[in-house]
Amino acid sequence: MPTLEFSPERMYTFIKGYATALGWTDVLNAMAFARRMHADQNRKDGLPYIAHPLTMACHALALGINSEPVVAACMLHDVCEDCGVKANQLPVSDEIQDAVNRLTHVKTTPLEIYYDSIAQNWISIMVKILDRCHNVSSMAGTFSQAKCQDYILESETHVMPLFRILKERKPEYGNVLFVLKYHVMSVDNSLKALLGSVDGPA
């Protein structure tokens, strides 16, 4: 049976070639650093963890988000949270370090405070939205029903308002945000209907 997954090696090669052509040294540094930090980690679906930031970065480029800070932050967005690295240790600009720091969730920090910080930085908003797109696509079959429901609630409460904030701040990304919002809402609504049929009527 053919796999529907994208090859991490091919994605890495594509992004590296793209970044090299544009002289994006922050992206090249971020890629190498992320691959090293995530080397021994896997996603809940069993894929190498590096496939997640690579997919996000490819998604951004495919949608025409030709922003070096966004692509670099996609590659590094989980490094601090999952690998014990501080943002000021990342081999990228201060701008990207700040974005990644805002995306790093300390478990004791309430979600309201975490998302308020993300909302102050357009790069962080875009990366969080791309992160949510990929995560909702892979949560069915890997998350428990309870975690799926919590994740959908978090999307509705905290992620959806980010679309409006970013559209107001960066109207040139309006069409991109429409596609991303449609994706998140479609997957979440489908899973809500499925979970409702599993749980039965209240």
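**Close-up views of a predicted model**

**View 1. The largest pocket and its lining.** Helix H8 supplies the largest share of the lining of the largest pocket, namely six residues. Helices here are DSSP runs of H or I with at least four residues, numbered from the N terminus. The model is predicted, so that local features need pLDDT of at least 70 and side-chain atom pairs count only at pLDDT 80 or more, while totals for chains, interfaces and linings use all residues. Residues are numbered from 1 along each chain as its sequence is written, and side-chain values use heavy atoms, with hydrogens and water left out. The volume of the largest pocket is about 770 Å³. A pocket is defined on a 1 Å grid over the protein atoms alone, as an open set of points where a 1.4 Å probe fits, with protein on both sides within 12 Å along at least five of seven lines; lining residues have an atom within 4 Å of a point. Grid points are joined across faces, edges and corners, and the volume is the space filled by probe spheres set on the points. The lining comprises 29 residues, of which Glu-81, Asn-135, Phe-143, Lys-147 and Tyr-151 lie nearest the centre of the pocket. Two or more lining residues come from each of helix H5 (79-83), helix H7 (111-118), H8 and helix H9 (145-169).

**View 2. Arg-132 and Trp-122 in helix H8.** Arg-132 belongs to helix H8, which covers residues 122-138. With a relative accessible area of 2%, Arg-132 is buried; the term means under 20% relative accessible area, computed with a 1.4 Å probe on protein chains only. Apart from its neighbours within four places in sequence, Arg-132 is in contact (heavy atoms within 4.5 Å) with Tyr-115, Tyr-151, Glu-154, Ser-155, Val-159 and Val-184. Trp-122 also lies in H8 and counts as buried at 18% relative accessibility. When residues up to four places away in sequence are not counted, Trp-122 touches Ser-67, Val-70, Leu-166, Arg-169, Lys-170 and Tyr-173.

View 3. The buried residues are Glu-68, Pro-69, Val-70, Val-71, Ala-72, Ala-73, Cys-74, Met-75 and Leu-76. They pack against H1, helix H2 (25-37), H3, H5, helix H6 (94-103) and H8.

**View 4. Helix H3 and the residue that follows.** The end C-alpha atoms of helix H3 (residues 51-62) are 16 Å apart, in agreement with the 16 Å that its twelve residues should span at 1.5 Å a residue. The expected span is 1.5 Å times one less than the number of residues. H3 is mostly covered, with ten of its twelve residues buried; among them are His-52, Leu-54, Ala-57, Cys-58 and Leu-61. Helix H1 (8-22), helix H4 (68-76) and H8 are included in what covers the buried residues of H3. After H3 comes Gly-64, with a positive phi near 85°.

View 5. Among the 58 residues of the largest nonpolar core, Ile-15, Val-70, Leu-76 and Leu-90 touch the most other members. H8 gives the largest share of this core, eight residues. A nonpolar core is a set of buried Ala, Val, Leu, Ile, Met, Phe, Trp, Tyr and Cys residues joined through side-chain atoms within 4.5 Å. Leaving out residues up to four places away in sequence, Ile-15 touches Val-27, Met-31, Leu-54, Ala-57, Cys-58, Leu-61 and Val-71. A second, separate core of eight residues includes Cys-148, Tyr-151, Ile-152 and Leu-195. Met-31 is found in helix H2 and is buried at 1% relative accessibility. With residues up to four places away in sequence not counted, Met-31 touches Tyr-12, Ile-15, Lys-16 and Met-75.

**View 6. Cysteines without disulfides.** The structure holds zero disulfides, a disulfide being a pair of cysteine sulfur atoms within 2.5 Å. For Cys-133, the nearest cysteine sulfur is that of Cys-74, 11 Å away. Cys-133 is buried at 2% relative accessibility. For Cys-148, the nearest cysteine sulfur is that of Cys-133, 16 Å away. Cys-148 is likewise buried, with a relative accessible area of 4%.

Terms used:
Buried < 20%, exposed > 50% of the residue type's maximum accessible area, 1.4 Å probe, protein only.
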